[in-house]
Amino acid sequence: HRGSSGRRSSQSERLRELTRTATPATPVGRALESLPVDPRLHEGIKAYKVCSNGAIVERLVTLGRGNFIVFVTPQRVPGAKHYTASTRLKVIRQRVRKNPIMGKSSEEHHTPRYLDVADITDVQSGFIGTHKLELCKSKYLGKRRLLSITSLTRGWSRVTVAADHVIERDRVAIVSIVYGAKRDTLDLLIPDDVERKLFVDALLLIREAYHDAKETVSSEELLLRYIWYEVDMNNNGRIDRRELKRVMKRINISHKGSLKTDYRAFVQNECMESRRELAKAYHRGLDYRGCLSFIRLHKSRSGVWDILFGKNTEQVTADIFLEKFLHGKQHEYSATLLDANVIFAQLHGTGMGNSPRNKEKDGSRLSIDRSLFDIFLHSAANDAYDPASLEFDKDTMNYSLSEYFINSSHNTYLMGDQLKSTSSVEMYMAALQRGCKCLEIDCWDGDIGDEIIVYHGYSLTSRVAFDEVIDCVRQYVNNHPTTYPIILSLENHCSLPRQQKMAVLLKSKLGDRLYIPKSSDLWSDLPSPCELKGLVVIKGKRPPEPDNTDIVSKHDEDESVYDPYDEALRDPSPSTSCVAEQKKAEKSSGETINHELAQITLFHGCAFQSFEKSLSLSPSHMHSLNEAAIGKILSKAPSNAELWVEYNRRHITRIYPSGSRVDSSNYSPLLPWTLGCQMVSLNFQTADSPLIVNDGFFQRNGGCGYILKPKSLRGKDLSTSALLPNGPQTLRVRVVSGSCLPKPNGESDGEIIDPYVRVRLHDVVIPDIKKNGKGSNRFLSSSVYPRGNHHCARQVTTLHTTRCVLDNGFSPVWRQNSWAEFRVHNDMAVLQFCVRDKDYGNDESVAEAAIPVSCLRSGYRCVRLFDKHNTRSGPFDMATLLIEVEYLRPSLVEVDTNAPARIDANSLVE
């Protein structure tokens with residue numbers, strides 16, 4: 001007992017040492033500290049934490065008084081009741097005894113990790129929505145079932161509990177916090193209904209308040225606040241010289257010269273007292289404001305102020321700002337003096353305007369200096385992505401579904417490659433949070449009872465339960481009742497009895513959230529997104545289609561029951577043979593689709609034969625085609641391109657990756673979009689260039705997942721297609737500087753980065769065949785499938801790479817950087833920015849962004865950077881680029897569309 005008491009005492013001291021540091025007083029901290037939070041959360045609530053190996057351990061969850069920090073500890077946090085403002089969601093990992101509640105924990109005693117409220121991307125509750133919970137459920141299948149989690153004894157009792165029983169019976173107790181650039185999860189089971197609701201509501205309130213409050217804080221201030229607990233090693237609320245060195249490395253600043261000398265000089269300049277007071281200040285360290293001032297001294301100047309207002313200008317008034325900047329450079333001619341004054345007032349709200357000249361005595365005229373101007377350049381108000389395009393427009397949501405581009409995924413359940421990777425429900429929630437509105441579910445008969453499983457058929461990928469996927473979709477729709485329709489693309493390989501169960505599960509779990517079409521809906525124009533708001537729509541099959549021997553249908557996932565990969569990968573188990581025999585018997589009887597499942601299906605997938613036949617089908621009939629089928633269809637007849645656009649006016653086309661992409665890579669979506677194809681499905685688990693382009697493309701319209709197609713792809717006059725109305729234009733882009741760039745994957749450790757930027761233009765070149773005397777078609781096939789036909793539409797990627805800036809991710813400046821000049825041929829063109837870290841081995845991606853050229857604003861503009869999951873969480877929330885954009889008038893010279901684009905010496909054609 002004495003030894004146990006001693007361990008608890010030392011543990012309490014350690015927790016007290018970890019939690020005593022006060023958060024820097026920032027506008028964000030003050031806003032969150034004032035939130036109404038139930039006192040019970042400050043005292044601590046009982047919970048069970050699910051470890052990465054599936055084990056469950058007892059924990060106490062405590063919310064700090066500052067309403068920023070959550071402690072997940074083996075015991076009550078000492079002093080939590082009196083804990084003041086904090087800006088961290090902090091998961092304190094302690095050494096866990098073997099088999100404390102269930103199994104062994106892999107967690108070891110090490111320096112605690114910190115999770116900031118800025119890291120939280122989602123809070124989920126009431127369902128199994130993470131891979132960690134799936135592991136927990138499957139880890140103890142078949143083990144002895146004991147009491148439910150609500151009956152577990154408190155303390156360190158060595159009780160063995162069957163995890164599948166705990167998770168199944170008490171899934172209502174689940175709370176999962178998704179955080180960080182890697183989409184890690186903190187999975188908790190909170191038994192008490194009241195406490196669980198208090199905790200979830202508090203997290204949602206805190207997260208919302210944080211994102212509102214941070215708009216008035218500069219990026220440097222947010223970044224320093226974000227890393228404060230990590231760098232304040234002795235927890236005294238101040239930064240000494242040694243800790244300052246850690247700060248510099250953490251935020252990617254390489255200090256030139258002696259840090260000790262500069263630190264002493266800075267302290268001496270700040271402390272105008274006696275030598276004794278100076279010595280005390282030197283050893284005491286810098287407070288938050290002092291540290292912020294010190295790092296701002298190391299910020300490189302972009303030179304934009306000098307170019308616009310002159311090197312000797314210290315202050316700029318609103319009228320000069322309006323004339324020289326907003327009108328003269330940014331071409332925002334609708335901006336008024338009132339708009340300029342509003343911008344100035346917002347900038348002074350950041351607390352940076354400390355100069356007495358920033359405001360005259362009567363307060364009538366505001367002015368800004370270099371620092372405030374630089375904050376505006378990197379702010380959301382100066383976004384390169386046109387804010388009007390980013391805003392949601394409800395007036396555009398009343399057209400037929402066929403008139404929209406729909407954010408779509410392929411094999412949504414996979415976490416990796418197409419052959420042997422893991423399947424997980426987590427990927428469905430990840431896709432939905434990324435803006436996806438069409439999810440693919442490959443349904444197969446399971447081996448046990450009447451279970452239905454989801455996996456990539458005839459492969460070595462793992463399996464997930466069909467009902468868990470539907471639970472995930474239901475939970476998302478319930479949490480987002482105003483979401484625009486979620487389309488479930490069912491690749492149905494199940495026997496008739498399992499299809500019957502699928503229909504029952506869909507109806508029972510989705511309830512009134514399931515859209516059940518009337519018979520009249522199947523032959524009229526498709527409903528609009530507005531009519532289907534908050535509903536789940538089924539894509540599958542209704543009556544069986546006759547066999548089709550067309551070459552394209554062989555690549556159609558809807559029509560093929562065979563795997564495109566090696567036959568040796570097929571499962572030779574007896575159960576599979578039984579299923580095959582049952583399917584054969586069903587096919588011979590003429591019935592392959594369950595009637596009840598067909599009744600809830602809106603979109604009927606059918607094989608492609610010819611557009612003449614396809615155009616005669618009802619709008620609810622759609623084609624699902626392999627990417628390689630695009631070239632085959634377009635090469636069959638010169639008129640197929642325009643017929644395809646005509647077909648897509650009232651019908652839906654879904655494109656999916658070729659079966660040869662076993663690594664889950666992606667194809668460029670631009671050509672299918674140019675043809676008006678609505679569902680261009682990509683592998684969301686692979687953050688390559690096509691997916692980044694897709695992310696940027698669907699940021700429009702509030703990120704709702706539905707974008708109204710251009711009039712040229714919706715109207716009856718298809719002669720102009722998606723070509724620019726005035727012909728090709730020249731776009732010039734120059735990367736000027738960066739701000740608060742993180743390390744790769746948002747890591748806290750590692751070397752100071754050496755950033756450079758790749759700027760890619762993704763475009764489709766469409767020759768005017770009529771002018772070349774080859775006919776009237778303006779499309780034909782892409783040179784990607786196949787190459788070599790110069791009279792075909794060509795997907796072109798033009799790359800420009802900046803030089804590398806050594807040892808500076810905090811404020812890199814690309815001085816004397818040449819312009820990247822791009823020839824833009826198509827209204828679908830997308831400009832991609834990729835920040836990379838130069839290394840002796842493989843260069844790593846730091847952050848990315850993509851902006852459609854049609855939404856790109858001219859002038860000096862800010863590019864907001866994203867992590868590989870398309871979020872701006874944690875350090876990515878502050879990361880931006882400053883670019884200069886110019887549009888040149890369309891060339892009056894005839895453009896040879898068969899020739900490669902002209903590119904400067906620093907550019908490449910891929």
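A: The axes of helix H17 (residues 426-433) and helix H18 (residues 466-479) come within 9 Å and cross at roughly 30 degrees; axes are lines fitted to C-alpha atoms, for helices over the stretch in contact, with angles running from 0 to 180 degrees between N-to-C directions. H17 is therefore roughly parallel to H18, a term for angles under 35 degrees. Their crossing is right-handed, that is, the near helix is turned clockwise from the far one by less than a right angle. Tyr428, Met429 and Leu432 of H17 make the contact with Val469, Cys472 and Tyr476 of H18, where contact means heavy atoms within 4.5 Å. By class, this contact has six nonpolar, no polar and no charged residues; Ala, Val, Leu, Ile, Met, Phe, Trp, Tyr, Cys and Pro count as nonpolar, Asp, Glu, Lys and Arg as charged, and the others, Gly among them, as polar. Helices (H or I, at least four residues) and strands (E, at least two) are DSSP runs, numbered from the N terminus.

The model is predicted, with local features needing pLDDT of at least 70 and side-chain atom pairs counting only at pLDDT 80 or more, while totals for chains, interfaces and linings use all residues. Residues are numbered from 1 along each chain as its sequence is written, and side-chain values use heavy atoms, leaving out hydrogens and water.

In strand E19 (residues 652-656), five of five residues are buried, meaning under 20% relative accessible area with a 1.4 Å probe, protein chains only. Ile652, Arg654 and Tyr656 lie on one side and Thr653 and Ile655 on the other. Strand E18 (residues 621-626) runs parallel to E19, joined by five bridges; pairing requires at least two DSSP bridges. Asn626 has Tyr656 as its bridge partner in E19.

How values were computed
Buried means under 20% relative accessible area, exposed over 50%, partly exposed in between (1.4 Å probe, protein chains only). Angles under 35 degrees count as roughly parallel, over 145 as roughly antiparallel, 65 to 115 as roughly perpendicular and the rest as oblique.
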